[in-house]
Amino acid sequence: MKFFRSLFQRRDTRSKTDISQRFDLISRLGTGSMSKVWRALDRNQGKVVALKILDMEKTLRYESRFADRVKPTEGEVACQLHHPHIVHTMEHGRTIHNEQFLVMELIDGISLAYLVDAQNEAMQTHRLRLMIELGDAIEYLHKENWIHRDICPRNVLVDKDQSLHLIDFGLVVPNTAAFQEPGNRTGTANYMAPELIKRQRTDQRIDVFSYAVTCYEMYCRQLPWPSVTGASLEMVLKRINQKPQEIQEIVQLDAQIGCAIMKGLDLDPRERWQTVTEMLTVLREAHVRLSPLARKEAVDKKMGRATVKKKRRAEIDDKWQFKTQ
Ligand SMILES: Nc1ncnc2c1ncn2[C@@H]1O[C@H](COP(=O)(O)OP(=O)(O)OP(=O)(O)O)[C@@H](O)[C@H]1O
Ligand SMILES: [Mg+2]
């Protein structure tokens, strides 16, 4: 609580940054709905980074929703997060034109959205581990008392070593009563929990729902409900008032994993997993049961032995051709 108060009360007294002086913009990494992200050479650090510059008008419009509360900016949130599966943000500030910017490690990889679509060898081999890595990142975020509010494959990158990185903290709010109040209906329509669409009170369970939708897609390549591109949120609500299609009807998968995902999709937040940790516990158990390497790691952990390094793990996963279906 004390931490939050000090964070919100802080005034940004730092000097403004002249982007063209400091950075050499090499190429565009992505264009989000609220920002442009550049591959850029940071002349200060002498290295190539990911530079996210937020659209001023859109950011102001979004932040005006919280005019009665003190909300940390995306940069303030992102710089507090330190987790192996969350993109590392080194710095944040304002440009001379008063836009907010973030300097991040550059993730050399692809969006999880592409892997969902491709359903290729890499996806089949690493799917369950990637799901657990995403869950680990959300679990950490929740323990730090935030709600992400935009968990979806588009906001997840997978690097060349098949390690996952959660990105985009643009919609993050503190998990406190003031921010749980109904009304803040932001996120990505297909991943929004019913209580969020209905403008009811929301809490970290909306992330559990979006995480379960993401996991479902990672297996099925399709959403649990028909997609709603271009449709109004009221239409989305109408669709998700029906039960989602049972995952086992679409793909053959381990029953324990299937049930864990379906419970995360429960329309009633009281019937859903109450925390991401509960859902993760089941997924971790399944991983240990299904993967020879995960089983070895679990034994090593119990015995206090060092676990295999991430990169090595990906290689071994490849060697075993461990598949989760
Ligand atoms: N650290 C990074 N390394 C490499 N690419 C990145 C990085 N951060 C962002 N990107 C790319 O830029 C895109 C947009 O980033 P991000 O999702 O943070 O922006 P946004 O404006 O908040 O997006 P949204 O459309 O979800 O609101 C990402 O989908 C990704 O392709
Ligand atoms: Mg995004």
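How many residues surround ligand 1, and which are the closest? In this predicted model, local features need pLDDT of at least 70 and side-chain atom pairs count only at pLDDT 80 or more, whereas totals for chains, interfaces and linings use all residues. Residues are numbered from 1 along each chain as its sequence is written, and chains are lettered from A and ligands numbered from 1 in the order in which they are written.

**View 1. The shell around ligand 1.** Ligand 1 is surrounded by 20 residues, the closest being Gly30, Gly32, Ser33, Val37 and Ala50; a residue is near the molecule if its C-beta atom, placed from the backbone, lies within 6 Å of it. Two or more residues of this shell come from each of strand E1 (23-31), strand E2 (35-42) and strand E3 (47-54). Strands (E, at least two residues) and helices (H or I, at least four) are DSSP runs, numbered from the N terminus. The shell comprises 10 nonpolar, 7 polar and 3 charged residues. Here Ala, Val, Leu, Ile, Met, Phe, Trp, Tyr, Cys and Pro count as nonpolar, Asp, Glu, Lys and Arg as charged, and the others, Gly among them, as polar. Because domain 1 (2-104) and domain 2 (109-290) both give residues to the shell, ligand 1 lies between them; the domain bounds come from an automatic or database assignment.

**View 2. Val37 in strand E2.** Val37 is found in strand E2. Beyond its neighbours within four places in sequence, Val37 is in contact (C-beta atoms, placed from the backbone, within 7 Å) with Leu29, Gly30, Gly32, Ala50 and Lys52. Leu54 is 17 residues from Val37 along the chain, and their C-alpha atoms are separated by 8.6 Å.

**View 3. The open sheet E6-E8-E9.** Three strands form an open sheet in the order E6-E8-E9, with antiparallel pairing; two strands pair if DSSP finds at least two bridges between them. Strand E6 (109-111) and strand E9 (164-166) stand at the edges with a single partner strand each, so one side of each has no neighbour in the sheet. Neighbouring strands are turned by 30 degrees against each other on average, direction ignored. Strand E8 (residues 156-159) pairs with E9 over 3 bridges, and Val158 stands opposite Leu164 in E9.

**View 4. Helix H6 across the sheet.** Helix H6 (residues 121-143) lies across E8 and E9 and runs at about 30 degrees to E9. Axes are lines fitted to C-alpha atoms, for helices over the stretch in contact, and angles run from 0 to 180 degrees between N-to-C directions.

Notes. Contact = placed C-beta atoms within 7 Å.
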